[in-house]
Amino acid sequence: MSTIAASRAKPKPKPTPHLSDRAKAERRLGWLLSAPAVAVLLLVAAYPILNAAYLSLFDYRLTDPGSRAFIWFKNYQVILTDNIWWGDFATTLFITVVTVALEFAIGLGFAMVMNRTFVGRGFVRTAILVPYAIITVVAAYSWQYAFANDTGFVNTWLGTNLDWFGGRWSALFVICLSEVWKTTPFISLLLLAGLAQVPDELEEAALVDGASWWQRLWRVTLPNMQGAIMVALLFRTVDAWRIFDNPFVMTGGSNGTETVSILAYRQTVGRTEIGLGSAMSILLFLSVALICFIFIKLLRTDVGRVTKT
Amino acid sequence: MRTSKRARIWLGVAAIAVVVWALMPVVWIVSLSFKHGDDIDNKQFWPTQWSWDNYKTVFGTDLFTSALRNSLGISLIATTVSVVLAMFAAYAVARLDFPGKRWVLVSALAVSMFPAISIATPLFNLWREIGLYDTWAGLVIPYLALTLPLSMWTLTSFFRQIPRDLEQAAQVDGATTWQAFRRILVPLAAPGVFTTAILAFFIAWNDFVFGITLTSTDKARPVPAALAFFSGASEFQQPTAAIAAASVVVTIPVVVLVMLFQRRIVAGLTGGAVKG
């Protein structure tokens with residue numbers, strides 16, 4: 001201890017004094033270079049959330065700023081005892097569970113096809129990237145017009161005359177279909193990355209041992225790409241839970257297809273109920289945080305592996 | 001693994017099915033955009049008569065042309081700003097040793113999980129108070145919350161893939177850390193930076209939540225939000241054909257980028273884990 005104290009009090013030339021200077025400079029440069037990005041992140045995301053948390057404690061309507069009043073957690077009480085909120089909550093939960101399950105199954109299929117296809121591999125990948133890159137609103141219009149009564153070819157092909165957007169479940173079916181089409185490419189590319197890391201020798205050994213295709217999939221391939229699977233599921237679950245564009249374009253949230261994001265939008269922009277809308281935003285934020293907590297802490301998803309080399 | 005002939009045929013069939021599934025809605029909206037007049041309601045996949053009329057209509061309406069200008073301008077500015085900021089941060093995280101560097105990436109990841117609507121609702125109020133409502137800047141700023149996290153993660157992974165030896169050699173020859181960054185790393189990282197810019201642009205180009213919440217006129221409204229306000233060639237016409245044509249126009253740049261840079265986009269999305 002005394003030697004350390006002494007060397008601090010009177011810096012003596014150490015064997016590698018240059019390195020220590022260098023380390024100090026490196027540390028300063030590191031902070032300097034990452035500061036702007038972190039500052040912007042705090043400003044554009046953390047500040048609005050804190051602002052929303054503050055506004056959520058007020059009874060505040062934009063069109064009537066005079067009667068703005070501090071009401072503690074009453075907005076939350078209003079929301080959490082409201083049937084519309086829980087109805088939209090159930091709709092969002094339904095869409096999330098159905099789309100993520102379908103996307104995983106289809107995405108895994110896509111990944112396996114891409115992993116083994118050698119002829120036209122580039123073409124298949126290009127085709128699959130198109131839904132990923134296309135604007136969600138455009139995709140929603142395309143699917144809506146395909147199923148619509150007046151313009152669509154789907155009823156003609158099926159020989160039916162169904163009003164798809166007139167009923168809750170048929171409308172949800174089209175919304176989920178469009179969502180699955182748009183986002184499966186993303187999940188399949190993440191799964192392809194996981195698949196590429198499963199050693200071929202393992203599968204070959206299982207094949208030699210007489211394992212069937214199904215056994216190889218469940219016993220060898222999937223367990224060895226568990227990390228990639230969990231990360232893909234986490235990203236897609238959070239994304240599906242925030243769904244807004246698709247139902248907004250297709251039904252505007254009518255016929256029991258409204259999601260919590262649309263409800264929050266309707267409070268804030270449609271009714272200018274800033275206090276109530278902010279409280280909903282905070283609840284939405286907390287639910288996303290809960291999803292992340294479940295995946296990272298309870299299911300032990302290693303988020304660091306997403307882009308780790 | 002060797003693939004038998006029968007398996008190969010099945011793979012071929014599956015690959016064709018994947019391509020058809022991925023492209024069909026795009027082909028459908030293209031076909032829809034070429035339908036003439038009442039043909040839009042023919043309930044068939046293809047038009048009975050092909051026509052450019054709908055494209056003439058959309059390019060003749062200010063609503064669309066100004067939205068196109070807004071979308072391009074706002075997305076490009078947001079992309080540039082976030083890629084430049086992310087480049088510095090990613091270099092620091094990938095190459096330098098400093099306390100708290102783990103938190104740089106963790107905070108980026110946390111922000112990418114934020115629901116857009118949770119940011120949009122407080123901004124709707126704030127922007128009205130400080131005059132950023134319905135302006136380009138009012139959209140560029142929230143777009144950074146969408147594009148910056150992805151840019152930071154993607155660039156960090158690209159920087160980590162570049163061998164360290166070159167910079168170390170330069171530093172042994174007397175270059176400072178800054179010179180090693182500017183002269184060695186930046187040129188080598190250019191493809192990664194470019195890929196990151198494409199991915200960030202896709203995200204900004206795709207936004208609907210901020211576009212519809214934080215704008216009210218042609219002044220700043222981007223294309224996805226503008227589509228919801230479309231009307232047909234006349235007031236009494238369904239906007240379907242016009243929306244289809246406008247949709248195709250904004251999809252073209254995306255498809256071109258995907259066709260040209262398929263390999264790099266896949267590498268960017270998967271952290272380079274998929275080869276070929």
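This is a predicted model: local features need pLDDT of at least 70, side-chain atom pairs count only at pLDDT 80 or more; totals for chains, interfaces and linings use all residues.
Where does A:Trp164 sit? A loop of chain A holds this residue, between helix H7 (154–158) and helix H8 (168–196). A:Gln144 is 20 residues away from A:Trp164 in sequence. In space, the two are 9.2 Å apart, C-alpha to C-alpha.

Is A:Trp164 buried or exposed? Count the other C-beta atoms within 10 Å: there are 22. A residue is buried if that count is 20 or more. A:Trp164 is therefore buried.

Now step back to chain A as a whole. Domain 1 of chain A gives four residues to the contact, and domain 2 of chain A gives six. What classes of residue does domain 1 of chain A bring to domain 2 of chain A? On that side there are four nonpolar residues, with no polar and no charged ones.

Next comes the meeting of the two chains. Here 83 residues of chain A are in contact with 88 residues of chain B. Which element gives the largest share of the chain A side? That is helix H2 (residues 17–55) of chain A, with 19 residues. By class, the side of chain A that touches chain B has 51 nonpolar, 21 polar and eleven charged residues.

Chain B has its own points to visit. Most residues other than glycine have a negative phi. B:Lys43 has a positive phi, near 60°, and is not a glycine. Look for B:Lys43 in the loop between helix H1 (5–33) and helix H2 (53–59) of chain B. B:Lys43 has 15 other C-beta atoms within 10 Å, so this residue is partly exposed.

Further along chain B is B:Asp134. Its phi is also positive, at about 60°, and B:Asp134 is not a glycine either. The loop that holds B:Asp134 runs between helix H5 (116–130) and helix H6 (136–161) of chain B. Why does B:Asp134 count as partly exposed? The reason is its 17 C-beta neighbours inside 10 Å. Partly exposed residues fall between the exposed limit, 12 or fewer, and the buried limit, 20 or more.

Conventions:
Residues are numbered from 1 along each chain as its sequence is written. Chains are lettered from A and ligands numbered from 1 in the order in which they are written. Two residues are in contact if their C-beta atoms, placed from the backbone, lie within 7 Å. Ala, Val, Leu, Ile, Met, Phe, Trp, Tyr, Cys and Pro count as nonpolar, Asp, Glu, Lys and Arg as charged, and the others, Gly among them, as polar. Helices (H or I, at least four residues) and strands (E, at least two) are DSSP runs, numbered from the N terminus.
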